[in-house]
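Open the structure in your viewer and keep the selection tool at hand. The stops below say what to select and what is there.

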Amino acid sequence: MIAETRIQYALDHFIAEKYFDAEAEEYLLKEMRDSGKSELKIKITGDNLCIEDFDNRGKCNFVRTDKTIGMNKSVDHLIFRKIEDQWELHLIEMKSSIKNKKWIEVKQKFRASYLNAKAIAAYIGITIDKVILYTTYENAEITDRPGRTTDLKSYSPKLGEKLIDIKKEWDTGIVELNFGHYEAFQHTKIKMIRSDDQTTLLGEYSI
C-alpha cells in the first residue's frame, strides 16, 4: 500500500480523480479494439501504481502532433512499482502481430510514453530507477534484410538517425530509443495464446 506522504498528497491534490486504478496485486489488462482483442493477467508484488488503458488517458498536450514523430502515441498500459526503495516503470503494449513497420511504431509509443511517465513521476514525487518495456503478441515476423520484406522504408533511417538492427532488438531484448541521443532499454516479449472461441489473445505474466 502506497504510504509516502508526498505521493499520497499528489494523488489527492495534483492528479485527476481515478487517473490511477485502485492498487491491487493482480490486474487484468485489456485491449479490446475490433482489429485485435487481448487480455493479459499481470500479477505484481510490491507497492504499485497502475494506469490501465493509458493510451486513452490524458497526457502532456504541448508535444508536436506530427504523426511521423509519434509523440502523441501511447502504449496501452503503464505500471509504476516500488521494490526496495526503488521505483520501476513498466510500459506494456499489446499487439496481435508484429512486423518491421509495426515494431517501429511500437518503439515510438515506448518513447512517448516513457517521457509522459517521467512527467507523471515528477508530479507524484518519485524517481524512476528502472524501465522495462513489454510487447504482447501472437505472431512476429521481423526480418533482418530488405531482401526478406517489401517494407524497404523500415531500413531507411531519417537524416541524423542511425540504422538500427530491429531484428536484433527483437531477438536480444535490448531496445534503443532516440531522444537526440540513443538510450537502451530492457524489452520483454510476452507470447499470447488464442482463446477457445478464437476471439481474444490471452496471457499471464508476473512482475
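Which residue forms a salt bridge with Lys 107? Select Lys 107 together with Glu 169: they form the salt bridge, and their closest N and O atoms are 3.0 Å apart. A salt bridge here is a side-chain nitrogen of Lys or Arg within 4 Å of a carboxyl oxygen of Asp or Glu. Lys 107 lies in helix H2 (residues 100-124) and Glu 169 in helix H3 (residues 166-172), so the pair ties together parts that are 62 residues apart in sequence. Lys 107 is buried, at 12% relative accessible area, and Glu 169 is buried as well, at 4%. Buried means under 20% relative accessible area, exposed means over 50%, and partly exposed is in between, with a 1.4 Å probe and protein chains only.

Before the next stop, some ground rules. This is a predicted model, in which local features need pLDDT of at least 70 and side-chain atom pairs count only at pLDDT 80 or more, while totals for chains, interfaces and linings use all residues. Residues are numbered from 1 along each chain as its sequence is written, and side-chain values use heavy atoms, with hydrogens and water left out.

**The whole chain**

Show the chain as a cartoon. It has three helices and twelve strands; these are DSSP runs numbered from the N terminus, with helices (H or I) of at least four residues and strands (E) of at least two. Of the 207 residues, 43% count as buried. Among contacts with a separation of 6 or more, 66% are between residues 24 or more positions apart, where a contact means heavy atoms within 4.5 Å. Switch to a surface view: the chain exposes about 11700 Å², and carbon and sulfur atoms supply 49% of this area. Accessible areas come from the Shrake-Rupley method with a 1.4 Å probe, and for residues only the protein chains shown count as cover.

**More salt bridges**

The count of salt bridges comes to eleven. Select Asp 21 and Arg 57, whose side chains meet in one of them at 3.8 Å, N to O. Asp 21 is in the loop between helix H1 (5-13) and strand E1 (26-33), and Arg 57 is in the loop between strand E3 (47-51) and strand E4 (77-83), so this pair ties together parts 36 residues apart in sequence. Asp 21 is partly exposed, at 23% relative accessibility.

Then select Glu 31, Arg 33 and Asp 55, which salt bridges with shared partners join into one network. Within this group, Glu 31 lies in strand E1 and is buried, with a relative accessible area of 7%. Leaving out residues up to four places away in sequence, Glu 31 touches Gly 36, Lys 37, Ser 38, Asp 55, Asp 76 and Met 94.

**Two helices**

What angle do H1 and H2 make where they pack? Select both helices: the angle is about 110°, and the axes are 8 Å apart. That makes H1 roughly perpendicular to H2, a label for angles of 65 to 115 degrees, with under 35 called roughly parallel, over 145 roughly antiparallel and the rest oblique. Axes are lines fitted to C-alpha atoms, for helices over the stretch in contact, and angles run from 0 to 180 degrees between N-to-C directions. To see the residues that meet, show Arg 6, Ile 7, Ala 10 and Leu 11 in H1 with Ala 122, Tyr 123 and Ile 124 in H2.

**Loop stops**

Select Lys 18, in the loop between H1 and E1. Its phi is near 65°, a positive value in a residue other than glycine. Most residues other than glycine have a negative phi. Lys 18 is exposed, at 77% relative accessible area.

End at Ser 195, in the loop between strand E11 (193-194) and strand E12 (200-206). Ser 195 is buried, at 10%, and touches Thr 200 and Leu 202, not counting residues up to four places away in sequence.
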